[in-house]
Amino acid sequence: MSAVITESRQSYGLDDDHREILEQVDKFSKANFWELQERMDNDEWWPDDALPKLGQTGFLGATVPPELGGAGLDFAASGLVLQGVARWNPSLSLGILAHENLCLNNILHNANDEIKQRYLPGMCDGSIVGCLSLTEPGAGSDALGGMATTAKLDGDHYVLNGTKLYITNGPVADVSLVYAKTSPELGAKGITAFVVDTKTEGFNVAQKLVKMGMRGTQTAEIVFDNCRVPVENVVGEVDQGVKVVMSGLDLERIGLSYMILGMAERCLELAVDYAKDRKQFGKAIGEFQLVQGMLAEMYTEVEVLRSFCYDVGNEVSEIEHGSARSRVHKRSAALVLQAGLMIMRVADNAVQVHGGAGYIWEMEINRLYRAGKLLQIGAGTNEVRKIIIARELLGN
Ligand SMILES: Cc1cc2nc3c(=O)[nH]c(=O)nc-3n(C[C@H](O)[C@H](O)[C@H](O)COP(=O)(O)OP(=O)(O)OC[C@H]3O[C@@H](n4cnc5c(N)ncnc54)[C@H](O)[C@@H]3O)c2cc1C
């Protein structure tokens with residue numbers, strides 16, 4: 001690990017346990033996941049054994065209580081897992097985010113005991129892969145208001161019909177947390193959350209989507225065609241899905257920011273190493289002040305994000321789930337906005353330091369640059385993040 005990164009990690013708001021977790025995940029990810037990056041990106045390949053491998057370390061489902069198969073750690077710990085994996089394999093960390101932060105966390109916080117016992121132990125050991133099916137062709141930023149997927153009660157089942165788009169892990173998932181309108185006449189107030197086994201008849205992966213970055217992560221369009229889901233699979237209460245979505249979104253934004261931090265650290269590290277190695281005009285390019293300026297700016301951006309990210313992560317770890325929204329809603333939106341803006345500036349500078357080599361598809365810095373753009377779109381776009389912050393500031 002570059003000295004730049006090691007020093008920073010020691011000087012910030014991590015206690016000994018958190019530092020140890022980050023160091024262990026970082027080491028494990030470098031040894032096991034780094035070498036998979038190239039094939040995942042080139043072939044849009046997902047390594048099926050990656051989640052079980054991480055599960056064996058105990059770091060998957062970090063926040064789940066031990067009696068349900070987890071490590072019983074706090075939210076900050078699960079963020080550090082994402083950070084550590086993201087440095088060595090951004091696509092894999094995105095898959096973990098969808099599995100754990102978007103699906104598992106929502107089940108943990110909102111489902112009844114029977115559902116938790118059915119899914120959580122397998123999700124913690126990596127034998128069950130999860131995804132979250134919220135957005136649709138006509139419902140992206142307006143995911144709740146524009147939702148057209150319906151769930152109609154028929155005896156002891158709900159019958160789901162509709163299309164979900166851009167679903168991370170969709171093609172490889174065993175279970176999905178799905179949102180559908182049970183009372184369409186109530187608009188966003190008539191949405192219910194369900195756990196749906198992806199082998200259920202009528203759950204169809206209509207297509208796997210080809211992306212510009214994060215290409216190892218599998219992304220799907222999912223069509224529900226008279227998909228019959230038992231009433232016991234309702235998560236939370238009927239027509240109360242908005243509560244489930246909203247409580248999860250703040251945590252998703254914070255988790256994504258940890259992931260971005262790991263990617264930004266790697267951009268900086270690659271740029272520093274290249275600036276030391278690459279020689280032009282008889283000197284290492286790192287001796288030129290214009291190159292030094294880029295490195296200094298990148299370092300500063302990474303450190304500002306680290307400080308903000310650990311601060312919000314520690315804050316959310318200290319408050320009970322459910323009360324999280326009011327306290328960290330604005331800060332989590334601000335954090336992920338800053339992280340999304342920062343990663344593209346840092347990745348851009350890092351490609352610039354690499355010159356022509358940075359523009360080549362197979363270079364690690366090129367993959368980071370392509371992956372970075374998603375981080376201004378997923379978990380609410382930059383514009384939606386700004387809307388949330390402004391609404392909170394203005395009190396409306
Ligand atoms: C790779 C990838 C993975 C994803 N994974 C998942 C997943 O696992 N599960 C899931 O449910 N979803 C997932 N998503 C969906 C993601 O959450 C949406 O793409 C995102 O919320 C934006 O919606 P949209 O793409 O429909 O864009 P749109 O909402 O159509 O937005 C288009 C543009 O209009 C702007 N805009 C929209 N409304 C406003 C407004 N009121 N004011 C100002 N500007 C506005 C947006 O900011 C954007 O610039 C994923 C998306 C991608 C690309």
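**A buried loop residue and beyond**

Modeller: Aspartate 239 has a relative accessible area of 17%, so the residue counts as buried, the cut-off being under 20%. Please keep in mind that this is a predicted model. Aspartate 239 is found in the loop between strand 8 (234-235) and helix 8. Its backbone deserves a look too: phi is near 70°, which is a positive value in a residue other than glycine.

Which other residue has a positive phi although it is not a glycine? Methionine 214 does, with a value of about 50°. You will find methionine 214 in the loop between strand 6 and strand 7. Its relative accessibility is 2%, and therefore methionine 214 counts as buried.

How many aromatic pairs does the structure hold? There are 6 of them. One of these joins phenylalanine 28 and phenylalanine 33: the ring centres are 5.6 Å apart and the planes stand at 85°, so the pair is edge-to-face. The step to that name is a simple one, because planes over 60 degrees apart count as edge-to-face. Phenylalanine 28 is partly exposed, since its relative accessibility is 21%, whereas phenylalanine 33, at 1%, is buried.

Another edge-to-face pair consists of phenylalanine 203 and phenylalanine 224, with 5.2 Å from centre to centre and 90° between the planes. Here is the link to the strands: phenylalanine 203 belongs to strand 6 (residues 203-208) and phenylalanine 224 to strand 7 (residues 219-230), so this pair ties together parts that are 21 residues apart in sequence. Phenylalanine 203 and phenylalanine 224 are buried.

Arginine 39 lies over the face of tryptophan 45, and the distance to the ring centre is 3.7 Å. In another place, tryptophan 361 has the charged end of arginine 370 over its ring, 3.5 Å from the centre.

Is arginine 266 buried or exposed? Its relative accessible area is 5%, so arginine 266 is buried. Setting aside neighbours within four places in sequence, arginine 266 is in contact with Trp34, Arg87, Trp88, Glu364 and Leu368.

Leucine 270 is in helix 8 as well. With a relative accessibility of 13%, leucine 270 counts as buried. Apart from neighbours within four places in sequence, its contacts are His354, Glu364, Ile365 and Leu368. Leucine 270 and phenylalanine 281 are 11 residues apart in sequence, while their C-alpha atoms are 21 Å apart in space.

For a contrast, look at leucine 393 in helix 12 (residues 382-394). Its relative accessible area is 61%, which means that leucine 393 is exposed. Leucine 393 is 63 residues from lysine 330 in sequence, and in space the two are 8.2 Å apart, C-alpha to C-alpha.

Threonine 63 brings us to another loop, the one between helix 4 (50-57) and helix 5 (75-88). Threonine 63 is buried, with a relative accessible area of 17%. Beyond its neighbours within four places in sequence, threonine 63 is in contact with several residues, including Gly72, Phe75, Asn105 and Leu108.

Which of the 15 residues around the ligand come nearest? They are Ser141, Tyr166, Thr168, Thr381 and Glu383. Leucine 134 has a backbone N or O atom 2.9 Å from an oxygen atom of the ligand. Threonine 135 places a polar side-chain atom 2.8 Å from a ligand nitrogen atom. In the side chain of glutamate 383, an N or O atom is 2.6 Å from an oxygen atom of the ligand. On its own the ligand has 980 Å² of accessible area, and the protein covers 63% of this.

Conventions:
Residues are numbered from 1 along each chain as its sequence is written. This is a predicted model: local features need pLDDT of at least 70, side-chain atom pairs count only at pLDDT 80 or more; totals for chains, interfaces and linings use all residues. Side-chain values use heavy atoms; hydrogens and water are left out. Rings of Phe, Tyr and Trp (its six-membered ring) pair if their centres lie within 6.5 Å; planes under 30 degrees apart count as stacked, over 60 as edge-to-face and the rest as tilted. Buried means under 20% relative accessible area, exposed over 50%, partly exposed in between (1.4 Å probe, protein chains only). Helices (H or I, at least four residues) and strands (E, at least two) are DSSP runs, numbered from the N terminus. A charge sits over a ring if NZ of Lys or CZ of Arg is within 6 Å of the ring centre and within 35 degrees of the ring normal. Contact means heavy atoms within 4.5 Å. A residue is near a molecule or strand if one of its heavy atoms lies within 4 Å of it. A polar contact is a pair of N or O atoms within 3.5 Å; within protein, one must be able to donate a hydrogen and the other to accept it, and residues adjacent in sequence count only if both atoms are side-chain atoms. Accessible areas come from the Shrake-Rupley method with a 1.4 Å probe; for residues, only the protein chains shown count as cover.
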